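Here is a short briefing for a first look at this protein. Start with the sheet, then move to one residue and the chain as a whole.

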Amino acid sequence: MGHHPIASAGSHGKASSTASMYDNIRGELVKHRAALYICGHDHFLQHMVDSSGVVDYIISGSGAKRSTSTYPASLLNLKEKRINSKFLHRDYGFVGFEIEGKVIKVSYIDEDGHEVYSFSKVNPRATGPVIG
């Protein structure tokens with residue numbers, strides 16, 4: 001968990017802090033088989049999947065402020081890093097987590113309390129070795 005994203009489709013997607021996080025932290029997350037990296041900083045909700053298949057990136061930064069735009073350079077940057085953006089919500093909301101055994105459910109909730117997106121994931125430490 002951190003404040004700055006490792007990747008983002010928002011205004012911070014091409015920031016030097018994001019590049020530094022990607023260059024210095026991403027490899028450690030994959031190496032140690034972290035299931036999720038959770039952050040805020042960009043003011044929207046986003047779910048991204050790392051090309052390693054190990055780490056999912058969760059951005060939840062729209063509890064008090066929202067961003068209505070994405071940035072083409074940031075989207076291109078995601079493509080270059082082989083990070084797949086699965087979901088993006090530019091309105092107010094938050095992310096909730098439910099853990100049962102080796103499975104975590106991540107739910108994206110809008111300002112009206114409705115689940116607008118969710119996914120479940122098995123803890124990567126509960127499965128075989130990572131390649132990549």
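In this predicted model, three strands make up an open sheet, ordered β5-β6-β7, with antiparallel pairing. Strands β5 (93-100) and β7 (115-122) lie at the edges, each pairing on one side only. On average, neighbouring strands of this sheet are turned by 15 degrees against each other, direction ignored.

**Pairing in the sheet**
- Strands of a sheet pair through backbone hydrogen bonds, and the pairing is either parallel or antiparallel.
- Seven bridges link strand β6 (residues 103-110) to β7 in the antiparallel sense.
- Ser107 sits opposite Ser118 in β7.

**Gln46**
- Gln46 belongs to strand β2 (residues 45-49).
- Gln46 counts as buried because its relative accessibility is 0%.
- The side chains of Gln46 and Ser85 are joined by a polar contact of 2.9 Å.
- Leaving aside residues up to four places away in sequence, Gln46 touches Ser8, Ala9, Tyr57, Ile58, Ile59, Leu78, Ser85, Phe87, Leu88 and Tyr108.

**The whole chain**
- The protein chain has two helices and seven strands.
- Read from the N terminus, its elements follow the order α-β-β-β-α-β-β-β-β.
- The protein chain has 132 residues, and 45% of them count as buried.
- Take the contacts between residues at least 6 apart in sequence: 56% of these join residues at least 24 apart.
- The accessible surface of the protein chain is about 7100 Å², and 52% of it belongs to carbon and sulfur atoms.

Methods: Residues numbered from 1 in each chain as written. Predicted model: local features only at pLDDT ≥ 70, side-chain atom pairs only at ≥ 80, totals over all residues. Heavy atoms only, no water. Helix = DSSP H or I, 4+ residues; strand = E, 2+ residues; numbered from the N terminus. Buried < 20%, exposed > 50% of the residue type's maximum accessible area, 1.4 Å probe, protein only. Polar contact = N/O pair within 3.5 Å; in protein donor to acceptor, adjacent residues only side chain to side chain. Contact = heavy atoms within 4.5 Å. Pairing = 2+ DSSP bridges. Axes fitted to C-alpha atoms, helices over the stretch in contact; angles between N-to-C directions. Areas by Shrake-Rupley, 256 points an atom, 1.4 Å probe, with all protein chains shown as cover.
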